[in-house]
Each structure stands twice: as C-alpha cells, then as structure tokens.
Amino acid sequence: MLTITIDGKQVSTPKGTTILEAAQKAGIDIPTLCHHKDIFPPEVHKNGACRICMVEDVANDKMVPSCVHPVSDKMVINSSSRKIKQARKVILESILENHLVDCDNCLREKKCELMTLAEKFELNDLDTTSVKRQEDTIDISGEGIKRDPQKCILCGRCVRVCSETQSTDILSYQYEGYPDQVIPPFSDEVSPQYHRQLKDTACVECGQCITVCPVGALTEKSHEERVLEAIQDPNMHVIAQTAPAIRVSIGEEFGITPGGVSTGQMVASLKELGFDKVFDTNFTADLTIMEEGHEFIDRVNKGENLPMFTSCSPGWIKFVEHNYPKYLNHLSTCKSPQQMFGALAKTFYAEKMGIDPKNIFSVSVMPCTAKKYEANRPEMGRADTQDVDAVLTTREFARMVKKAKIDFENLDPQEHDNPLGISTGAGAIFGATGGVMEAALRTAVEVITGEELGRLEFEQVRGYDGIKEATLPVGELDVKVAVVHGLTNARKLFEMIKNGDAFYHFVEVMTCPGGCIGGGGQPLPATKEKRHARINAIYEVDKNLPIRKSHENPAVKQLYKEFLGDPLGHKSHELLHTEYTQ
Ligand code: HC1
Ligand code: SF4
C-alpha cells in the first residue's frame with residue numbers, strides 16, 4: 001500500500017491507483033468531465049482529455065491531471081489551491097467558448113455536467129454567444145440517435161464506449177494536430193456538413209454513447225411531439241405498451257431511489273397523459289417465450305441453425321446484419337415483444353374493439369433508442385402503416401409527465417388494461433441480462449419433460465458477468481446455453497463459435513450492459529450501481545407475481561384459443577415472425 005496526502009488528509013491506497021481514485025476514497029471532490037469510471041476497467045482507464053481534474057503535485061511543483069496520474073508513495077497533493085481553481089476555471093471557460101449554449105432547447109436539461117460545473121465555478125454569466133447554431137451540422141439521419149457536433153466538448157467518452165463496450169467503432173477523433181472533432185470514421189471533409197452520417201455507418205442505434213455523453217451532443221430523436229398530436233386527435237385511439245425495464249427505472253426521474261418499483265404510478269401517469277389504454281410488453285414477452293420455445297425445440301429436433309440466438313434486442317440484430325450476415329439464419333425468427341405487441345394491436349385488438357387499425361396509434365415506452373429503429377423497419381408493419389407508431393424512451397416519457405405537471409409519486413397506482421396487460425414473472429425478467437434465457441428455460445423444461453419445476457430460479461444465467469455459460473439437463477438433452485450482454489462480449493462469443501472453440505444450443509444476447517435495464521434511453525446519469533439496483537428490482541417483481549411461467553399466462557392461453565391457434569401456426573407466422581436479410 002502507498003500513502004499519500006491530499007489536502008492534508010492521509011490516504012492509503014494500492015499501487016496503480018490514480019490520484020482521483022485516492023481522492024474519492026478520502027471523500028475529496030475533484031471535478032471531472034472526460035472521466036467516466038464505468039467505461040473502462042480502471043487499469044486501462046487512460047484518457048485525461050479535458051484536464052478539468054488538474055491537481056498540484058506539491059513536491060514536484062507541477063500540475064497533473066488526477067484521473068490518469070498514478071499515486072506514488074508519500075506524494076503530497078493539493079486539489080483546491082487558488083492556482084488550481086484558477087486553472088480549472090480557464091479550462092472550463094475555453095470549453096464553454098467552443099460549445100453551443102442552447103440550454104432552453106437541449107434535452108439534457110438539468111443533467112448537463114458542463115453546465116453544472118459552470119454554475120459551480122460561477123461562470124453562468126460568461127458570454128457564450130460566440131458559437132452560432134448551424135442547423136446543417138446536426139445528424140438526425142438515424143432513427144434513434146441525434147448527434148449535435150456543435151455541442152460536443154471532445155471528452156471522448158462516446159468514442160470509448162462505442163469502441164470498448166460495443167466494439168462498434170462508429171465514432172472517432174479527427175486529428176488536425178490535436179483531436180478537434182468526434183465524427184464517424186472515413187469522413188474526409190473537415191466541414192461537419194460533409195461528414196458521414198450515422199445512417200451510412202454500422203451504428204446499431206444502441207444509445208450507449210448518449211448514456212455517457214456529459215452534455216447534449218448525443219441525445220435520442222424525440223417522438224414526444226407525435227405522441228402528443230395523436231393524443232389530441234379525437235379520431236385516434238392511443239394505446240401504450242410498457243417495456244419490462246421501465247417500471248424499475250422511471251421512478252429515478254422523480255427522486256425515487258434506484259431499485260424502486262413504480263408499476264402502478266407508471267400506468268396511472270400514462271392514463272393522466274391521455275392514453276386510452278395502457279398495456280404491457282411483458283404480456284408479449286410471455287408470448288415470445290411460447291413461440292421461441294417451440295422454435296427452439298423444432299430446431300433441436302431437426303439439428304438446424306444451432307446455436308439459436310435470441311432476437312428481441314434490435315441493436316444486436318443490426319450488429320449481426322452488419323458484422324456476421326452469414327449467421328442471420330441463426331437468429332430466432334420471432335419478432336421482439338415490442339413488435340409482437342404492435343402486430344396484435346393492429347389486428348387482434350382492433351378486431352376485438354371494432355376499431356379501424358388506421359385509427360389506432362400504438363406507442364411503446366422503452367428503455368432503448370434502437371427500438372425506434374426497430375419500429376421503423378420496413379418488415380414491421382402492414383397496409384402502409386407501422387405496427388408501432390412511436391417509441392418513447394424512459395427519459396422522453398418522464399419529460400412528458402413533468403411537462404404535464406403530473407405529480408408522479410403521489411398518483412394512485414393503477415393496473416394495466418386487459419387482455420394485453422396480463423403477464424407473468426417470466427415476462428418481467430426479460431429486462432435483465434439472462435432473463436430471456438431463464439424465462440425460456442422455465443417453459444422449455446416443463447413442456448419437454450411434462451414435470452413441474454421445483455425451483456424456478458436459474459442462478460447460472462443470472463448476474464453481471466459479461467459471458468455466462470451453463471449446461472442444463474432438459475429431458476434427455478444436455479442443453480448448452482450462453483448469455484451475453486454488451487456487443488463486445490457478443491463479438492467475443494461469436495468469434496469463439498465461428499472458430500469452433502465453443503458450441504451452444506441457445507444463446508441470449510442483449511445489446512446493452514446489464515440488458516434492457518441498461519438501455520440507451522434510460523434515466524441519466526448511467527452508473528453500474530443503478531444497473532445492479534434495477535436488476536435486483538426486476539427479480540423482485542418476478543418473485544412477487546402469482547404466476548411466474550409464460551406457458552401459464554391465462555391471457556396468452558386465451559389468445560391462442562381465440563385467435564392464433566397453435567404456437568408456430570399459420571397466424572403466428574404471419575404476425576409474430578419475420579426474417580432478417582443483409
Ligand atoms: Fe427490452 Fe424486450 S426486454 S428488448 O430490453 O425483449 O427495450 O425492457 O421491451 O421488445 O419484453 C427493451 C426491456 C423490451 C422487447 C421485452
Ligand atoms: Fe456507437 Fe451505439 Fe452510439 Fe451508434 S448508438 S455511435 S453504435 S454507441
């Protein structure tokens with residue numbers, strides 16, 4: 001252990017620790033911008049781009065960036081001298097002078113780290129009018145992501161998360177002597193108007209770059225306006241579906257501690273906003289298990305296209321299309337629960353209610369920016385309309401509730417509407433990494449063996465490890481399964497499979513760290529601790545539900561009886577399955 005003194009406080013810390021980490025351990029607050037503790041493991045976390053975390057190394061009489069500078073024994077650090085404060089102020093001023101300050105129209109609102117620091121350093125009155133808005137620099141070419149380079153402060157967090165967490169490498173620094181722009185690669189031209197746009201890259205629209213952006217340079221493309229317009233249109237029957245992950249995260253936007261479950265308030269606030277019905281994506285998560293489970297049994301029997309990969313995470317689908325197109329037939333043909341719901345809303349539900357599908361406006365509330373892209377895929381609609389008309393991220397949903405001045409915490413809880421609102425614990429756990437696999441196993445084991453499971457928890461596929469593997473006896477077959485989250489882990493697993501170093505029957509892939517609870521549309525700031533709390537909450541929801549297996553969902557059974565016929569039957573194929581092409 002090394003001992004260092006920071007602002008007069010002694011701290012013991014292992015070799016290799018940065019000064020910033022030692023200071024945090026001692027409870028000393030050092031401002032940061034480019035630093036983000038969750039992006040890289042600490043030992044490779046070397047960036048130091050912004051310099052706002054400068055401290056004084058007293059013995060050597062020099063200033064060093066604390067986020068990358070390692071401690072040495074008996075080091076004496078001053079983190080709050082006048083000199084340091086002045087240096088930080090100068091750095092901040094120069095960042096602000098190059099940043100488009102447009103707070104009134106910025107989706108980051110009060111969660112902008114730059115403006116929080118500006119306030120702290122009393123720079124609110126600084127003249128920030130030097131950067132003028134150039135509309136043609138904004139990239140809204142994708143479906144889910146908006147990139148506004150005039151707000152970028154070159155911290156590089158998005159570059160790192162896109163490369164390290166997702167292995168997608170869509171964003172990179174352009175160097176003109178020093179990094180002066182963050183842009184998609186191979187953008188030769190210097191002027192932002194001529195840069196490659198996100199739609200021309202292999203961007204998977206996961207929004208992980210948004211979750212780490214300290215300012216409003218990366219945000220979701222908002223669907224709030226189109227939802228409000230539909231609600232105000234008296235001819236429209238506006239319905240919502242709520243993803244498994246929303247109920248365990250929306251509360252954070254209203255001061256509820258991460259890990260709180262707000263299902264009742266979530267439903268009630270959507271009703272207050274003017275939605276005619278509020279249904280549950282968890283219902284179609286159960287339906288997915290019925291279809292995907294039977295598809296899996298079918299593939300095992302035929303020995304075809306194994307491993308079978310889950311297909312509910314749209315960033316993952318896009319990743320396979322761009323990177324491993326030869327494996328597209330290994331994806332389950334099941335549409336995601338979002339799209340199964342959309343298809344049923346405009347067929348089964350429309351028929352049942354006697355409403356022209358053209359007059360149904362179907363909104364999904366999702367933790368995910370890529371769901372906006374998925375909803376707009378050409379194969380996800382019928383008769384000139386899309387099955388899902390708008391996708392609100394958790395953040396957009398929260399903004400709408402706040403703008404409508406709805407007192408979220410004090411709303412009387414309400415239940416989802418029926419019949420598309422009844423769900424089981426198996427549907428609930430879809431939102432956490434390993435959840436789809438566990439839900440599938442609960443059904444597959446019982447359907448194949450005809451015996452009731454004693455214990456429903458499959459601990460082997462739970463937890464935060466990047467790659468989880470298990471071999472589970474299902475009837476006469478030892479089923480080899482794997483679960484991955486984050487596309488870097490998915491790429492690693494894919495390479496192992498491709499090279500013949502691993503074999504699995506069934507693999508669950510979720511694009512975002514932690515699964516959907518860590519999606520690109522979730523409340524900010526994003527931290528690992530919050531993801532863990534949300535995962536725990538998801539398993540609590542499961543534990544507290546009276547029915548915890550998808551095949552026991554009475555509304556799903558009724559849907560097959562009344563409308564679909566059998567799993568994998570003709571109607572299911574028409575509405576609930578699809579094919580992915582390059
Ligand atoms: Fe997900 Fe899914 S779990 S993909 O993360 O299969 O977004 O929550 O809604 O569709 O059910 C997301 C979450 C979500 C789908 C389901
Ligand atoms: Fe990279 Fe995902 Fe952001 Fe696209 S949305 S730039 S893939 S992190």
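Quick housekeeping. What you see is a predicted model, where local features need pLDDT of at least 70, side-chain atom pairs count only at pLDDT 80 or more, and totals for chains, interfaces and linings use all residues. Residues are numbered from 1 along each chain as its sequence is written, while chains are lettered from A and ligands numbered from 1 in the order in which they are written.

Okay, the overall picture. The protein chain has 18 helices and 19 strands. The C-alpha trace spans about 80 × 55 × 50 Å along its principal axes. How does the radius of gyration sit with a compact globule? For 582 residues such a globule would come out near 25 Å, and the protein chain has 25 Å, so the two agree. That radius is taken over C-alpha atoms, and the globule rule is 2.2 Å times the number of residues to the power 0.38.

Buried residues make up 50% of the 582. Buried means 20 or more other C-beta atoms within 10 Å of a residue's own, exposed means 12 or fewer, partly exposed is in between, and those C-beta atoms are placed from the backbone. As for contacts, meaning C-beta atoms placed from the backbone and within 7 Å, take those between residues at least 6 apart in sequence: 73% of them join residues at least 24 apart.

Now the ligands. A residue counts as near a ligand if its C-beta atom, placed from the backbone, lies within 6 Å of it. Around ligand 1 there are 19 residues, and Ala243, Ala245, Cys312, Cys368 and Cys516 come nearest. Helices α8 and α10 (337-353) each supply at least two residues of that shell. By class, the shell divides into 11 nonpolar, 7 polar and 1 charged. Here Ala, Val, Leu, Ile, Met, Phe, Trp, Tyr, Cys and Pro count as nonpolar, Asp, Glu, Lys and Arg as charged, and the others, Gly among them, as polar.

And which residues come nearest to ligand 2? Out of 14 around it, they are Cys162, Ile170, Cys203, Cys206 and Cys209. The elements giving two or more residues to this shell are α4 (157-165) and α5 (208-212). Its classes run to 9 nonpolar, 4 polar and 1 charged.

The largest nonpolar core has 158 residues, and Leu114, Cys158, Cys209, Val363, Val481 and Ile538 touch the most other members. The largest share, 7 residues, comes from helix α14, residues 435-449. A core here is a set of buried Ala, Val, Leu, Ile, Met, Phe, Trp, Tyr and Cys residues joined through C-beta atoms within 7 Å. Leaving aside neighbours within four places in sequence, Cys158 is in contact with Leu171, Val182, Cys209, Val212, Cys213 and Leu218.

Where are the cis peptide bonds I want to show you? One joins Leu306 and Pro307, with omega about 0°, and Pro307 lies in the loop between α8 and β12 (308-309). Another joins Leu524 and Pro525, with omega about -10°; Pro525 is in the loop between β19 (506-510) and α16 (528-543).

That α8–β12 loop also holds Asn305, which isn't a glycine but has a positive phi near 50°. Asn305 is partly exposed, with 16 other C-beta atoms within 10 Å. Asp61 has a positive phi of about 50° too, in the loop between β3 (54-57) and β4 (62-65). With 7 C-beta neighbours inside 10 Å, Asp61 counts as exposed.

Key: Helices (H or I, at least four residues) and strands (E, at least two) are DSSP runs, numbered from the N terminus. Two residues are in contact if their C-beta atoms, placed from the backbone, lie within 7 Å.
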